[in-house]
Amino acid sequence: PAGEAGAVSFGFGAPPGGAEARAACGTNSKIINSSTTVAPIVARKPVVAAKSYVCEASEALKFYMCDVKAVESFAKGARGVDEDGFEPEFTHQVFREDESIFGYAGLSMSMYVCKRSLKALLKIDYEDKIESAMNPADPVREQLGEWYEEHMYADEGRFKAEADMSTPCAGGTLISASEKDGVVTKLTAYELWTNAEVRAWHDAMEALAVFYIEAFSKIVDDDPRWTLLVATRHHADGSWETAGYTTVYRYYAYPDSERARLSQIVVLPPYQRQGLGAQLLEAVRKLAIDRSMRDLTIEDPTDQLQRLRDVLDVKACLTTPDLWTKVQQAAVKAAHATTEDERRNALMCTAEIYTIAASKLKICKKQMRRVWEALLFIFAKRSNAPENSPVADTFKELIIRRLKAMYVSNSDKDAGTKRIYAIGANDFVMTKARGKGGEAPQMEDPEEGQPDVTEVLGELFGECVGNLAFLHVQCKNILAAA
């Protein structure tokens, strides 16, 4: 009963009654009836949830941009510190491969990053830490230090005294400048191998980039072929910040030229969705034009970067009269063709078109194939061309051919250029040749579980058509101006 000491106990047998029963039950028990007693109090400890000593690195680590000159204290929302921090996208190259951290309960790592130099102050807090020689906690400060090296600080005083930059590094070449809402964005090119101060600045950039490029690797910055382009934002009061960067490698192009290869491009999270990525790409194009390079390539672009590249290249082609005229001529010629071969030849991107695109816009041949398809698609939409017609079918075939050439394995490609000739009853010779003689080698069917080539091409074709529709929408204003 409420207020009574003890708990109710239900037994199968009846205890003895009277004083004997009370003696048997004890002084803290009371007979309720002949078959029920109140049992002694049993104290229970409250259940406490076990602490977790494993956490997600992306949840434990947070970056805060700060103005070192104005900082009073390093804490979220303090004067000189951005209130909204940002998290890393990738941590597997810094911490564990599964992007976890072991050995801490309630771990919080706050990285206060100087807006100008990108050097950082690391503050670590936690509720508890495993102290074990057999299975120690992960050395998180050392793991971060491997990437930041001397650009990461533990002492606030040293950080305030040493981390800031009064102005961007000297010795660069201004590639472009633009103004919006009172903020001037400058894109400046530096030759890394000639400037130790710029290399130190770039080292701090790389320490941040590892958290935003999935397969990031540091470059050899004393190679004379590396160029660094830095995006800086400048305010009316004289303050400025580093907003992003890209690295470009110049490599030999036969017989006497160079190609530009964009290796890494990063826009820091606080400055994303403001057009900086497009400005960096256009700055690389201008750099390639100014230095008379043959064309521009991009090393393993992400889907997002490739889409941005497509938009910029298509817009550039639409405003280049020589190329837009070629698009119109190709479409008209295909519409008047009477055979499949004539339509295919009319719609193909020719050597002359590749040359114009490379010389004027530095678009490489592989990229121009994608851009050419987009230009034909845009012209068809602008002309209200029927979606079901012989020309439309030929256009689809050209896309599929490009996709197949890109994604079919090298062994399958080689098989199409080889012939087998029998020698006697049991021997043969295989040679690289085309023609009707001999037999074409037969490739094995895909192993069980491997995707069917036809299905893969179908999916890729669907993605390609979706991208063409996206490009058409993005370029409507360009068309109206044309």
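Hi everyone, let's start at N467, which lies in helix 14; helices here (H or I, at least four residues) and strands (E, at least two) are DSSP runs, numbered from the N terminus. Before going on, please keep in mind that this is a predicted model, where local features need pLDDT of at least 70, side-chain atom pairs count only at pLDDT 80 or more, and totals for chains, interfaces and linings use all residues. Residues are numbered from 1 along each chain as its sequence is written, and side-chain values use heavy atoms, with hydrogens and water left out.

So, is N467 buried or exposed? N467 is buried, because its relative accessible area is 11% (buried means under 20%, exposed over 50%, partly exposed in between, with a 1.4 Å probe and protein chains only). Beyond its neighbours within four places in sequence, N467 touches R307, D310 and R370, where contact means heavy atoms within 4.5 Å.

A pocket is an open set of points on a 1 Å grid over the protein atoms alone, where a 1.4 Å probe fits and protein lies on both sides within 12 Å along at least five of seven lines; lining residues have an atom within 4 Å of a point.

The second largest pocket holds about 790 Å³ of space, a volume being the space filled by probe spheres set on the grid points, which are joined across faces, edges and corners. It has 27 lining residues, and D303, Q306, R370, M406 and Y407 are the closest to its centre. Elements that give two or more residues to this lining include helix 7, helix 11 (365–382) and helix 14 (453–474).

Now for the largest pocket, with about 1,200 Å³ of space. Among its 32 lining residues, Y212, I265, T302, Q304 and L305 come closest to the centre. Which element gives the most to this lining? That is strand 16, with six residues.

K180 has V183 in strand 13 as its bridge partner. Two residues sit between the strands, and D181 in the turn has a positive phi of about 55 degrees.

Finally, confidence: the mean pLDDT (the predictor's confidence in each residue, from 0 to 100) is 86, and 80% of residues reach 70 or more. Over residues 1–34, though, pLDDT stays under 50. Thanks, everyone!

Technical notes:
Pairing = 2+ DSSP bridges.
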